[in-house]
Amino acid sequence: MSRKIVKGAEAMAIAGKLAKPDVVPAFPITPSTTFPEKMSEYVACGELPNTEFVPVESEHSAMSAAIAASATGARTCTATSSQGLALMHEMLFIAAGMRLPIVLFDANRALSAPLNIWGDQQDSISERDAGWIHFYGENAQEGLDLMLMAFRVAEDKRVLLPTMVGIDGFVLTHTSEPVDVPEQKAVDDFLPQYKAEHCYLDPERPTTVGAFAPPEYYMETRYQLDEAVHSSGPVIDEVFADFEKRFGRKYSKIEYYGDRDAEVVFVAIGSLCGTLKDWIDEHRAKGQKVGLVRIIVYRPFPFKELKAALANAKIVAVVDRSISLGYGGPVFSELAAAFVNDAKRPLFKSFIIGLGGRDIKLNDFENIYNAASADLKAGKVNEKMHWVNINKEML
Amino acid sequence: MVTKITKGCVIYNSPTSLGNKTGGWRTMKPVVDEEKCKKCNICWQFCPDSSIEPADRKANKAIKINYDYCKGCGICAAECPFKAITMVMEEK
Amino acid sequence: MADLLAPGHRGCAGCPASICVRQVLDAAGPNTICTNATGCLEVMTTPYPETAWKVPWAHSAFENSAAMASGIEAAYKALNRRNGTNKKPNIIAFAGDGGTFDIGLQALSGALERGHRMLFVCYDNEAYMNTGIQRCSSSPIGAWTTTSPEGSCSSGKTQRKKPIAMIAAAHDIPYVATACISYPQDLKAKVKKALSFDGPSFLHVFAPCPTGWRFPSEKTIAMGKLAVETGVFVLYEMTDAEPMKPIVTVKPKEFRPVEEYLQAQGRFAHLFKPKRDEVTLKRIQEDVDRKLKWVGLKP
């Protein structure tokens, strides 16, 4: 293991290199561009002697080529962000439907219009229905580690699903942090070569890949795929445990931070949790109890873990860095729905924060906490969704 | 028989289209005059439905229509330079 | 003479796409992997769990047959290095004219420029047939389609056919050719030549569609011959040794009148009935003459 100071996007590329992919088709887009740059450099300098880097002409072709390469039997990864992920949309569903273990690094970024290159999680959260496994890191180290684990989970014979790893654009992708880089040998042991058994393109064993399914088959294919995403959960736990054993860093589908018996509990994803943890530390120093549930694995949705973690909460402040326009926070709606049939359930309150790179400050969490506490005290949630740190004078 | 859905709908035992006997679509039927067939296999080149067994000049074997799949398009009859194939009404 | 496309597929009677595939695969042989854009060919040959393909075949979407072929070629290169093997199957991307001229053009251009060892075969039936005969940039002047209908204000498609082979050749790739399913020897020779290059090649195959062009199913081959004999479609090839210089491979002794070709198809019927549309007929003739001049078949 060596310690390096790198920007988040480079940490993702280092993970990509350690995984020794066979094929990397990629198209640059801010703030993920470091990934294709570094991967092409590793190939050019002989650090990835077997890898084929394919400088495709669009994200659509990146995912198309990734699908074809993976269907041929190659370990395949790529990276993108925002509009690029949106352009891949069609192909994301296809990658999952074909059960291809492609790994994708998504630099989480806002979607147009208006065009905005900065961080939020709208891009990948909008792809939650595609049949991919979703991992989200809080910092560069987690991004690197989750990226390595993504290959292992995706390629597991019990899973065989594409997996995306998101880290927040700029706040993580372009911030230098110290990361522990595992030794190649240790990664090789953790991540054995991909051997395609279900999908291959080989003239000696002709297969037909990507047939269309008429109504008498289609619904069963979706059932099977949904079941596959759900049942990847235990494999993810297993891979997290094995990673901890080998590399010493512990992962779980969700992380609980703060007081277990807190009445007000935050739920959030990604880098804002780092700021939130600081606020929680300050808050607890004042003797007040508060908790945070950070979602690391968003798909499969960690129902069991979330219910256990929120068993003592009286009110849950769901802080979404994306929005389902015309409804509200996506994580809020899913989380609230997960509890809807439970006799004993907390109140849920929705907050929208940090869209398009809007700064997220300690004071924002103070405001969220106060709004949630007030509702709790009133015994009734003010249903109006809260837009955090919004300048009403502009509206 | 119920088809078990394979992972990702990959089809392994190709060709599985053989179970679909498209011969049932036919209204006109090609009939080969083996005497006239010069075994040039031009009809084989042009058959859209892979429904012609090629002729074998050495074995003096004329072409043979596979009526299980022939849809009766009439290309073979139209293209045979020796008029060895005629289209007749399908009797069912 | 082994068929690499099995019977039992659901193509229309007289379908040119399956004839095209049979001829291409007959030339390429079994050591071949195919990709296929969404379209008639894909739909008719692979309704799960049926497949008519005896060679490995992959489809994912409409616009990306060339990108898929890129991925397969890259995977073989990488896996050969990883496993110490030297497998070099032919990689053939199939697409109709919609998946080539229109929605697939960007992916095609990208793949040609990157130089992947692959052959892209466009079977051109001059409209979006799978969705029910809509206009394509491949549709010729005057053609009726369901989105270029004839009427008191329209004579069918107004615009010229996009010169796709020239566009492919403009990528400065090793080999570009046009072919027609009615000339199998010429087509197969071109497939073999295309596959001999260690780079991208493009084959534009003229494929008359009885369903979409409104002619009887037994005339598929005759219609292709008529297109070549009237000069409507020219069979030629180009290499990067002499960029953009077409070498004609099938030269009709003399050209038959273009109207013979037009009158044989229902999609041009409005050019003749109820009265002759002289303006459009002249445009079509001029377009044919211009192309024949470019290939050197007319002064």
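1. Glu47(A) is partly exposed, with a relative accessible area of 42%, where buried means under 20%, exposed over 50%, and partly exposed in between (1.4 Å probe, protein chains only). Its partner is Lys17(A), with which Glu47(A) forms a salt bridge whose closest N and O atoms are 2.7 Å apart; the term requires a side-chain nitrogen of Lys or Arg within 4 Å of a carboxyl oxygen of Asp or Glu. The two residues are 30 residues apart, with Lys17(A) in helix H1 (residues 8–18) of chain A and Glu47(A) in the loop between helix H2 (34–44) and strand E3 (52–54) of chain A. Helices (H or I, at least four residues) and strands (E, at least two) are DSSP runs, numbered from the N terminus.

2. Please keep in mind that this is a predicted model, in which local features need pLDDT of at least 70 and side-chain atom pairs count only at pLDDT 80 or more, while totals for chains, interfaces and linings use all residues. Residues are numbered from 1 along each chain as its sequence is written, chains are lettered from A and ligands numbered from 1 in the order in which they are written, and side-chain values use heavy atoms, with hydrogens and water left out.

3. Over all chains, the count comes to 57 salt bridges. One of them joins Arg294(A) to Glu142(A), with the closest N and O atoms 2.6 Å apart. Arg294(A) lies in strand E12 (residues 291–295) of chain A and Glu142(A) in helix H6 (residues 140–155) of chain A, so this pair ties together parts that are 152 residues apart in sequence. Both Arg294(A) and Glu142(A) are buried, and they belong to a network of salt bridges that also links Glu138(A), Glu255(A) and Lys277(A).

4. Turning to the rings, the structure holds 25 aromatic pairs over all chains, a pair being rings of Phe, Tyr and Trp (its six-membered ring) with centres within 6.5 Å, and planes under 30 degrees apart counting as stacked, over 60 as edge-to-face and the rest as tilted. Phe243(A) and Phe247(A) form a tilted pair, at 4.6 Å centre to centre and 35° between the planes. Because they are 4 residues apart in helix H9 (residues 233–247) of chain A, they are separated by about one helical turn. Phe243(A), at 0% relative accessibility, counts as buried, and Phe247(A), at 13%, counts as buried.

5. Phe243(A) and Phe247(A) also belong to one aromatic cluster, together with Phe135(A), Phe190(A), Phe240(A) and Tyr251(A).
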